[in-house]
Amino acid sequence: MILRELSEAYGVSGNEDDVRSILHDAVREHVDEVRVDALGNLLTVKRGTGEDPMRVMLAAHMDEIGLMVVGHDDKGMLKVRAVGGIDDRLLPGLVLSVGPDRVPGVVGIKPIHLVESDEMKKVSKLDELAVDVGAKSQDEAKEIAPLGTYATFATQYRELGGTVTGKAFDDRAGCAVLVELLRGDRFAFDLHAVFTVQEEVGLRGARVAAFAVDPDCAFALEGTIADDIPKEKEGSPTTRLGGGPAITVMDRSFIADRRLVRLLTSTAEDLDIPHQFKQPGVGGTDAGVIHLAREGVPSATVAVPSRYIHSPVALLSLEDFNNTVRLMRESLSRLTRETLE
Amino acid sequence: MEAIALLKQLSEAEGIAGFEGPVRDLVRQMWEPLVDEMYEGNLGSLIALKKGSGPEPRPKLMLAAHMDEVGLMVTDIEEGFLRIARVGGTDRRVLLGLEVTVHGRRDLPGVVATRPPHVLPKEERKKTVPLDKIFVDVGLPEEEVEALVSIGDLISIRRELSELKNRRVAGKALDDRACVAAITLALDRLSRIEHVWDVVAVATAQEETGLKGALTSAYGVAPDLAIALDVTFAEQPGVNKTGTLPLGEGPSIALGPNFHPKLVERMKDVAEDREIPYHLDPIPGRSGTDAWAIQVTREGVPTLLVSVPVRYMHQPVETLAAEDVERAGRLLAAFVADSEVGLLDEIAWKVGE
């Protein structure tokens with residue numbers, strides 16, 4: 001399963017090289033064209049059978065949230081800032097991989113024995129924390145992790161039995177779905193599969209990729225929030241693990257194209273593929289910029305539900321993953337120019 | 001014996017307070033070739049005798065370090081998610097994002113989680129998540145969880161030892177397995193050096209829940225002298241420097257009512273004689289260590305405390321300098337080797353002379 005390799009790869013926004021290499025190796029035999037653009041997007045084309053002249057874009061982002069070294073104190077500690085949406089609540093106690101050599105670094109806080117009770121209630125802000133790589137001096141810290149060094153969670157991919165945990169399922173799950181689609185048969189149209197950069201810092205890569213591809217329609221493939229943990233006031237779980245691929249109707253970044261949503265739901269119903277709608281109004285994806293490319297692109301988002309995204313231990317169901325691949329493959333095989341009329 | 005290899009095995013072993021089985025088996029295996037006799041105390045401490053060369057009845061020196069660690073316990077199962085309570089002083093600020101092992105009908109890997117920040121009001125994201133909003137997720141369907149997990153099952157934190165720069169290491173249970181390692185290093189040295197005193201090494205149980213293994217094993221051992229070993233606060237960001245010790249500059253020798261002043265002087269002399277760097281650690285009252293319980297065993301035991309500085313205590317990234325553990329081991333072995341038959345008379349309180 002390529003999700004393991006992708007999840008464990010190192011690829012904070014702006015530093016997606018490792019992920020790009022893995023994906024390039026995984027898809028090169030299955031596509032007709034490959035190129036990397038100025039920002040680092042990996043653009044591939046899988047030519048169609050020639051029956052349909054459409055250009056269909058599928059996008060999944062390679063980058064993950066993480067940290068960047070912005071300073072070194074006189075004790076040899078690294079000062080860091082967030083790259084993307086880091087959850088301050090879960091940093092204390094973590095082991096990080098710092099820099100290309102994956103130097104281990106730890107985040108510790110004031111011991112519980114020395115903390116006043118009101119201090120216990122507050123989450124330490126990122127600028128109050130430091131990363132300890134064992135350096136004894138400022139100079140040594142600078143040598144180990146110069147300014148601008150990226151850091152990510154040091155967790156490994158683990159199988160729990162039907163479900164798996166690991167970091168960066170947002171959006172390596174989407175990348176893995178896209179790899180599976182590329183490994184399959186050709187579609188009627190040309191498939192422009194794009195692995196984008198810098199989604200987590202503002203959908204940067206998808207914006208220029210969509211301009212370059214100039215598609216007739218597009219799908220963003222994601223790993224999205226499943227908030228189906230017990231809670232006091234019964235609210236929407238956003239999506240539910242085991243409920244199948246999550247289809248977005250509307251989120252903070254765009255309103256999905258109704259014709260594409262209908263294609264997805266009717267395909268799912270015809271073939272009995274479990275599926276669900278993502279709670280409207282939550283989150284945003286590359287579709288948010290793709291649908292605004294040039295004169296506008298009808299777009300939709302399909303996602304693998306994932307618990308605890310943006311944490312070192314996201315958790316998804318392999319059945320949901322497989323159903324997402326299946327729903328996308330079947331929907332794309334039914335997609336024609338008429339779908340959009 | 002290589003210190004980091006010992007620390008790795010010891011830190012990664014499971015052994016929550018009251019349920020020290022796995023770590024006890026590991027320590028037994030480590031000590032087996034180094035001691036003459038070993039037995040398990042009623043509360044789970046591991047007690048090992050290394051005989052001295054002096055004439056019988058020989059005086060006994062007890063070396064104690066606790067092998068238990070803090071952890072979690074299942075208190076309820078809700079929609080297939082596990083509600084949890086703390087065993088010992090587990091810090092709830094470091095629970096999120098942890099990988100754990102739930103000791104159900106079989107061991108189940110799991111993660112500690114709460115609702116994602118994306119769906120929470122901004123204010124809530126700044127507050128430490130209360131325990132009743134934290135769950136352990138083993139990623140299995142509800143029915144399967146109900147069949148495999150019961151209320152009361154223990155949950156161990158899973159964390160490999162990280163080797164940082166400068167032979168510093170970070171792990172989940174270096175409090176107090178670092179000192180179990182130091183005792184192991186001392187026993188190894190003592191198998192090559194002559195010593196007249198009997199040495200009784202004890203890996204104590206249930207320290208984190210109230211010094212219970214030390215209390216009961218000290219009664220059983222009835223030592224003439226005792227040295228407890230524990231971790232102490234190392235300098236770290238955000239912590240007042242007073243009361244902390246620098247990392248990598250040697251173990252500390254504690255001062256205060258819990259410790260026998262003449263033994264303290266003797267330990268300082270031993271350190272200076274062997275050129276082992278050390279710091280003094282003044283503790284004005286309750287030391288919160290096994291030394292506190294051992295000192296008042298039976299008719300009272302002259303007691304010492306040697307500590308290894310550790311950053312981020314009770315967090316799964318407890319960080320120390322391996323060199324400090326090695327120095328603590330050397331210091332203990334040297335103290336034992338220098339202990340003569342008449343040591344007890346020498347340190348006895350004298351009146352009317």
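A: Two residues are in contact if their C-beta atoms, placed from the backbone, lie within 7 Å. This is a predicted model, where local features need pLDDT of at least 70 and side-chain atom pairs pLDDT 80 or more, while totals for chains, interfaces and linings use all residues. Residues are numbered from 1 along each chain as its sequence is written, and chains are lettered from A and ligands numbered from 1 in the order in which they are written.

Q: How many residues of chain A are in contact with chain B?

A: Here 52 residues of chain A are in contact with 49 of chain B. Strands are DSSP runs of E, at least two residues long; helices are runs of H or I, at least four; both are numbered from the N terminus. On the side of chain A that touches chain B, β7(A) gives the largest share, three residues.

Q: How does that side of chain A divide into nonpolar, polar and charged residues?

A: Ala, Val, Leu, Ile, Met, Phe, Trp, Tyr, Cys and Pro count as nonpolar, Asp, Glu, Lys and Arg as charged, and the others, Gly among them, as polar. That side holds 28 nonpolar, twelve polar and twelve charged residues.

Q: Into which domains is chain B divided?

A: Domain bounds come from an automatic or database assignment. Domain 1 of chain B covers 3-69 + 172-347, and domain 2 covers 71-158. Their centres, taken over C-alpha atoms, are 33 Å apart.

Q: In which sense do β14(B) and β15(B) pair?

A: Two strands pair if DSSP finds at least two bridges between them. β14(B) (252-255) and β15(B) (279-282) pair in the parallel sense, over four bridges. Leu255(B) has Pro282(B) as its bridge partner.
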